[in-house]
Amino acid sequence: LMIHPHVDVDSLQQRFLLVSFSMATVNHDSTRGQRPGTIRMRPHERILASYPNCHIRVLFLPTQRALESRGGTCTVSSQRLVFTSNQASEELDTLSVPLEKMSVGKYVLPIFCAPYWQATMTHFTDGTRDHGQVIVRFPSGGGMSFQQTIRKAQEQWDVERHHEDILRTYQ
């Protein structure tokens, strides 16, 4: 990476963090925490619940490209949905999707396979805004609790964002 001598590196890092905070990221170093199984927290973010032993599939539209992981932990925070794989060798190691970039989602109880939660997400590919799907399977249970937690988190995020819009700080 070449940086011009007159470029403010701190400013570049802040812009990068803002971009990565505002869109879905896949297999990004800034998602994992210092210890295995932990995530790197954002300012003012709090963990609401974690769901181990989840399987996740992300389908990027319109390319139909799919990434999967057969085991990991889904964490719902006050700002995003985060998935960390149990094995770093998986094609989907980490996923971070801001709550505002996902639809409300639905919880499905199929007859012949594990229950799953599915939502549409917005992501950017080559500067173009596209949509995709996130599917989280719960072979060990916990899907209904996940649905309730993520729905409450999205509702609370909407309320907090509304208050921020109304109460802008004056300088």
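Reader: Which residues does Gln 147 touch, not counting residues up to four places away in sequence?
Author: This is a predicted model, in which local features need pLDDT of at least 70, side-chain atom pairs count only at pLDDT 80 or more, and totals for chains, interfaces and linings use all residues. Residues are numbered from 1 along each chain as its sequence is written, and side-chain values use heavy atoms, with hydrogens and water left out. A contact means heavy atoms within 4.5 Å. On that basis, Gln 147 touches Gly 105, Lys 106, Tyr 107 and Trp 117.

Reader: Is Gln 147 buried or exposed?
Author: Gln 147 lies in helix α2, residues 143-166; helices (H or I, at least four residues) and strands (E, at least two) are DSSP runs, numbered from the N terminus. Buried means under 20% relative accessible area, exposed over 50% and partly exposed in between, with a 1.4 Å probe and protein chains only. With a relative accessibility of 7%, Gln 147 counts as buried.

Reader: In what pattern do the elements follow one another along the sequence?
Author: The protein contains two helices and eight strands. Read along the sequence, they give the pattern α-β-β-β-β-β-β-β-β-α.

Reader: How are the rings of Phe 138 and Phe 146 arranged: stacked, edge-to-face or tilted?
Author: Rings of Phe, Tyr and Trp (its six-membered ring) pair if their centres lie within 6.5 Å; planes under 30 degrees apart count as stacked, over 60 as edge-to-face and the rest as tilted. The whole structure has four aromatic pairs. For Phe 138 and Phe 146, the centres are 5.2 Å apart and the planes stand at 50 degrees, so the pair is tilted.

Reader: Which residues do the ring pairs link into a cluster?
Author: Phe 138 and Phe 146 are both buried. Leaving aside neighbours within four places in sequence, Phe 146 is in contact with Tyr 51, Cys 74, Val 76, Leu 81, Trp 117 and Phe 138. The cluster formed through ring pairs consists of Tyr 51, Tyr 107, Trp 117, Phe 138 and Phe 146.

Reader: How many residues apart in sequence are the parts that Arg 80 and Glu 45 tie together?
Author: A salt bridge is a side-chain nitrogen of Lys or Arg within 4 Å of a carboxyl oxygen of Asp or Glu. Arg 80 and Glu 45, both buried, meet in such a bridge at 2.7 Å, N to O. Arg 80 lies in strand β4 and Glu 45 in the loop between β1 (25-26) and β2, so the parts tied together are separated in sequence by 35 residues.
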